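Subject: Structure for your review

Dear colleague,

Please find below the structure that I am handing over to you. My notes on what was found in it follow.

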Amino acid sequence: MEKLLTLEKALEMAEATRLANKSLALANGAFDLLHVGHVRYLQGAKQEADVLLVALNSDASVRALKGPPRPIVPQEERAELLCALSCVDWVLLFDALDVRHLIRTLKPDVHVKGRDYSPDSIPERAETQAYGGRVAIAGDEKRHSTTEVVHKLLGGG
């Protein structure tokens with residue numbers, strides 16, 4: 001997977017993007033059971049900048065965020081699916097429960113969240129704005145929830 005980066009390579013890519021006078025967007029999530037809502041979110045995120053880096057929660061961080069039965073799909077497969085999307089330029093696995101450290105480190109021009117947020121409710125807003133970055137909302141107006149899909153599959157309606 002040539003689009004999959006280490007943090008060191010992500011730093012190099014971010015610097016190269018800036019030197020080329022291009023903009024960098026950072027989107028993040030678990031992307032467990034990739035669905036159309038994820039694709040529309042990432043397509044919208046790509047429209048916010050020249051280069052789209054997707055920070056993918058590792059298996060350990062998904063488990064910590066969503067509980068022991070998750071993730072459904074292992075991180076290597078989730079990364080491979082994201083790398084296959086034409087709107088995604090780069091993918092970076094991360095272990096933290098949020099992306100604040102990555103934002104402070106990479107300083108993307110835009111931090112993009114899905115429509116389940118409003119610009120004022122983005123948890124990482126302060127970190128992004130502290131260095132002059134901006135936050136954006138992207139994706140489908142219709143709510144798509146992996147957790148709801150998992151609940152249905154397990155017989156919860």
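In which strand is K113 found? K113 lies in strand 5, which covers residues 110-114; here helices (H or I, at least four residues) and strands (E, at least two) are DSSP runs, numbered from the N terminus.

Before going further, please note that this is a predicted model, in which local features need pLDDT of at least 70 and side-chain atom pairs count only at pLDDT 80 or more, while totals for chains, interfaces and linings use all residues. Residues are numbered from 1 along each chain as its sequence is written, and side-chain values use heavy atoms, with hydrogens and water left out.

Surroundings of K113

K113 counts as buried because its relative accessibility is 6%. Buried means under 20% relative accessible area, exposed over 50%, and partly exposed in between (1.4 Å probe, protein chains only). The side chain of K113 makes a polar contact of 3.4 Å with the side chain of N28. Such a contact is a pair of N or O atoms within 3.5 Å; within protein, one must be able to donate a hydrogen and the other to accept it, and residues adjacent in sequence count only if both atoms are side-chain atoms. Neighbours within four places in sequence aside, the residues in contact with K113 (heavy atoms within 4.5 Å) are N28, Y41, I122, E124, A136, I137 and A138.

The sheet and the chain

The chain has seven helices and six strands, and along the sequence they follow the pattern β-α-β-α-β-α-α-β-α-β-α-β-α. Six strands form an open sheet in the order 1-4-3-2-5-6, with parallel pairing. Strand 1 (4-5) and strand 6 (134-138) are the edge strands, each pairing on one side only. Two strands pair if DSSP finds at least two bridges between them. Strand 3 (residues 51-57) and strand 4 (residues 90-94) run parallel and are joined by five bridges; V54 stands opposite V91 in strand 4.

Of the 157 residues in the chain, 46% are buried. Among contacts with a separation of 6 or more, 73% are between residues 24 or more positions apart.

Cysteines

How many disulfides does a search of the whole structure find? The search finds zero, a disulfide being a pair of cysteine sulfur atoms within 2.5 Å. C83 counts as buried because its relative accessibility is 10%, and C87 is buried with a relative accessible area of 11%.
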